[in-house]
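Subject: Structure for you to look at

Hi,

Here is the structure I promised to hand over. Please open it first, then read my notes below.

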Amino acid sequence: MRTLCLLALLAAQDAPPYTFTAPEGWSKERMQFPLGFARDLDYRGAEELRFAPGMFKPEAGDYWSYAFMMWLEGSVSVDARSLERDLLKYYKGLCGAVGASRKLDLDLSKISVQATKQESKGRLGGEEAEFFHVRIDFYDAFVTGKPLTLHVELWSRAADAKKRTCLFAIVSPKEKSAPVWEALRKIHSEFRCPP
């Protein structure tokens, strides 16, 4: 009995203090910082992702559509310029690493990120958050090797009694009127983390 109680206590300590769900059929991934493909990204903590079923199927209506959450240690200052800098490191690193493994000749200098802070605040996990629209021009290094533009809605706020910073984003190359955005916005609306 004592062993079961100890195991339950350990499991509860390992459980994240946030809820990040996705529809049935979406896959999950979790990575710790520093990331192998973007070691110059100065974050500590973890990233979790939820991938649509058609993530790597160019003909799918949910191709390259996913949600991600970065649960970062400490207070991370987030504005449009820092997002552009950090997401550029992330996507250049990702394209560089995957492209090299597939022996693709990708011009990483053509990867760009444009972030715009929105005037109105957004909500993340039930709390007020900074809200950004982001455009990322990069390559689908995983499948086609061709240029691809991602549309991103991203929220940022202090979390866990200001011991953490939470970045949450929904991403797709599809127009905002496409059905996949309904699923992405539902994932965002159901996300919860402590204030």
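W71 is buried, because its relative accessible area is 6%, and buried means under 20%. Keep in mind that this is a predicted model. W71 is found in strand β3, which covers residues 66–73.

What does W71 touch, not counting residues up to four places away in sequence? The list includes P17, Y18, R44, G45 and A46. It also includes A159, D160, R164, T165, C166, C193 and P194. Take A46 as an example. W71 and A46 are 25 residues apart in sequence, yet 5.4 Å apart in space, C-alpha to C-alpha.

Next, E47. This residue is in strand β2, residues 45–51. E47 is buried and has no salt bridge. The nearest side chain of opposite charge is R50, 9.8 Å away. A salt bridge has to be within 4 Å. The side chain of E47 does make a polar contact of 3.0 Å with the side chain of Y90. Leaving aside neighbours within four places in sequence, E47 is in contact with several residues, among them E29, R30, M31, F68 and Y90.

Now the largest pocket. How much space lies in it? About 180 Å³. The lining has 15 residues. Nearest the centre of the pocket lie E29, F51, Y90, L94 and F142. So which elements supply the lining of the largest pocket with at least two residues each? They are β1 (27–32), β2 and α2 (80–101). The largest share, 5 residues, comes from α2.

Best wishes

Definitions and conventions. Residues are numbered from 1 along each chain as its sequence is written. This is a predicted model: local features need pLDDT of at least 70, side-chain atom pairs count only at pLDDT 80 or more; totals for chains, interfaces and linings use all residues. Side-chain values use heavy atoms; hydrogens and water are left out. Helices (H or I, at least four residues) and strands (E, at least two) are DSSP runs, numbered from the N terminus. Buried means under 20% relative accessible area, exposed over 50%, partly exposed in between (1.4 Å probe, protein chains only). Lys and Arg count as positive and Asp and Glu as negative; His and the chain ends are not counted. A polar contact is a pair of N or O atoms within 3.5 Å; within protein, one must be able to donate a hydrogen and the other to accept it, and residues adjacent in sequence count only if both atoms are side-chain atoms. Contact means heavy atoms within 4.5 Å. On a 1 Å grid over the protein atoms alone, a cavity is a set of points where a 1.4 Å probe fits but cannot get out, and a pocket is an open set with protein on both sides within 12 Å along at least five of seven lines; lining residues have an atom within 4 Å of a point. Grid points are joined across faces, edges and corners, and a volume is the space filled by probe spheres set on the points.
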